[in-house]
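Let's take a walk through a protein together, one step at a time.

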Amino acid sequence: SFFRSFLQCLVSIDSTISHSMAKETASASAEYFEAHKIHQLLEKIVGNLVKDKPSDPLQYLSDFLLKLQREEDQGGCPSLDFGSGDAINFLKRQFATEAKENVLSRDAFVRVLKTCFGDQECPQEQQLQLQTIFSVFDRDHNESVDLEEFTAGIRILFRGTEQEQIDFAFDGLDYNHDGTVSVDEFLRFFKNYFTAKSALNGAKLQRTRWSAIEDHLRRVFRATDTNSNGSIDLQEFRAAVQRDPDHPFTIVWQSFKPPMPAK
């Protein structure tokens, strides 16, 4: 039977470790098994197989391990090192849980990244950061993020260099992917930004408020467009965010500082 074969496999592995491996290697293996709680996991699997006697043991094992992983995930992101492989894989599993038709809505995306905070409340400033990150991840600007967009964005967000993050933020503003940011694209992005900011305060972005912001943004755009050709290219974008910490463009790329739990 499968169960007998499974037990024989475990016995064979144990025998091989005991008789064939050098003492140092066996000790290192035992430390590895203990560190990853493999002994406890095997005991739990065998115990449940004996108790439940499933008709399809392989499917049972797959479902059982998935259940254990989900229980572990409920504790939040597994490591404060958000660039670790475990943390990134955790976020991908959260994507699979929250996705509808293989895409995340804006609200679902925010819920996924909020898992970085565990049981802690996500401060308003960081909620706005997550909204901004969504806007940059949404490469085709259809108010949803698919797995390809999510995976590419997560890599840049948690593992990218500063230069990669700046370039990725620029691409998020370049709605039509022509290599430049027009004034319309610039205003469109920041109208979404300030609309989200107002919503977090329980209000709507008033027309008069937006009109004042728009006037300011148009002046900033003209000042940033150093060659006066009516658009911002990547070099002008880089220069703006690296020179001026208060530039609106800096808001975009600063959002690519990985979200951290409040202390």
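A residue is called buried when its relative accessible area is under 20%, exposed when that value is over 50%, and partly exposed in between, using a 1.4 Å probe and protein chains only. Keep in mind that this is a predicted model, where local features need pLDDT of at least 70 and side-chain atom pairs count only at pLDDT 80 or more, while totals for chains, interfaces and linings use all residues. Residues are numbered from 1 along each chain as its sequence is written, and side-chain values use heavy atoms, with hydrogens and water left out.

Let's begin with the overall picture. The protein has 13 helices and 4 strands; helices (H or I, at least four residues) and strands (E, at least two) are DSSP runs, numbered from the N terminus. Of its 263 residues, 40% count as buried. Two residues are in contact when heavy atoms lie within 4.5 Å. Among contacts between residues at least 6 apart in sequence, 60% join residues at least 24 apart.

Now look inside. In soluble globular proteins, nonpolar side chains tend to be buried together. A nonpolar core is a set of buried Ala, Val, Leu, Ile, Met, Phe, Trp, Tyr and Cys residues joined through side-chain atoms within 4.5 Å. The largest one here holds 49 residues, and Phe109, Phe137, Phe150 and Phe237 touch the most other members. Helix α10 (residues 183-200) gives the largest share of this core, 7 residues.

Phe237 also takes us to helix α12 (residues 234-243), where Glu236, Phe237, Arg238, Ala240 and Val241 are buried. What covers them? The cover includes α9 (162-173), α11, β4 (231-233) and α13 (248-254).

Next come the charged pairs. Side chains of opposite charge can pair when their charged atoms come close. A salt bridge is a side-chain nitrogen of Lys or Arg within 4 Å of a carboxyl oxygen of Asp or Glu, and the whole structure has 5 of them. One joins Arg111 and Glu98, at 3.0 Å from N to O. Arg111 sits in helix α6 (residues 106-114) and Glu98 in helix α5 (residues 85-98), so this pair ties together parts that are 13 residues apart in sequence. Arg111 is partly exposed at 42% relative accessibility, and Glu98 is partly exposed at 23%.

Glu143 lies in the loop between α7 (124-137) and β2, 37 residues away from Arg106 in helix α6. Is Arg106 buried or exposed? With a relative accessible area of 17%, Arg106 is buried, whereas Glu143 is partly exposed at 42%.

Let's finish at Ser144, in strand β2 (residues 144-146). Ser144 is buried because its relative accessible area is 13%. Leaving aside neighbours within four places in sequence, Ser144 is in contact with Val103, Leu104, Phe134, Asp138 and Glu149.
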